[in-house]
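Here's a quick tour for anyone opening this structure for the first time. Take a look at the sequence and the 3D view, then read on.

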Amino acid sequence: MLKELNPIIHSQLRLAIMTLLVSVEEADFSYLKEQTNATSGNISVQLDKLSNAGYIQITKEFVGKKTRTTCRLTEEGKLAMEEYIKVLKSYLSL
């Protein structure tokens, strides 16, 4: 029987965000928005879902008068991504 893909990660935009974060130590909001071609509102919602699941850590700080939002994978997020890839590979090896 096939194992279910993690529904938190399986969303197209959340998967794109998680994939980007796997390859970098951290990424700011603008970078994620640019790389995914998503709207600010949609990115915000998806980041909140990933944060609430414990998969990413979001840090907000002021740079001058502007807010800078950065994201990084948590250990739980790294493990969830590894498991997601493992399950996806099991689908491909049928």
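## Starting with Glu25

Is Glu25 buried or exposed? Glu25 counts as exposed, because its relative accessibility is 65% (buried means under 20% relative accessible area, exposed over 50%, and partly exposed in between, using a 1.4 Å probe and protein chains only).

Before going further, a word on what you're looking at. This is a predicted model, where local features need pLDDT of at least 70 and side-chain atom pairs count only at pLDDT 80 or more, while totals for chains, interfaces and linings use all residues. Residues are numbered from 1 along each chain as its sequence is written, and side-chain values use heavy atoms, with hydrogens and water left out.

Val24 sits in the loop that runs between helix H2 (12-22) and strand E1 (27-28). Helices (H or I, at least four residues) and strands (E, at least two) are DSSP runs, numbered from the N terminus. With 27% relative accessibility, Val24 is partly exposed.

## Arg72 and its two partners

Search the whole structure and you'll find six salt bridges. The term stands for a side-chain nitrogen of Lys or Arg within 4 Å of a carboxyl oxygen of Asp or Glu.

One of them pairs Arg72 with Glu25, and their closest N and O atoms are 3.6 Å apart. Arg72 belongs to strand E3 (residues 66-73) and Glu25 to the loop between H2 and E1, so this pair ties together parts that are 47 residues apart in sequence. Arg72 itself is partly exposed, at 28% relative accessible area.

Arg72 also meets Glu26 in a salt bridge, at 2.9 Å from N to O. Since Glu26 is in the loop between H2 and E1 while Arg72 is in strand E3, the two tie together parts 46 residues apart in sequence. Glu26 is partly exposed, with a relative accessible area of 34%.

## A link between two strands

Now over to Arg68 and Asp28, whose side chains form a salt bridge of 3.9 Å, N to O. This pair links distant parts of the chain, with Arg68 in strand E3 and Asp28 in strand E1, 40 residues apart. Arg68 is partly exposed at 30% relative accessibility, and Asp28 is partly exposed too, at 24% relative accessible area.

As for shared partners, salt bridges join Glu25, Glu26 and Arg72 into one network.
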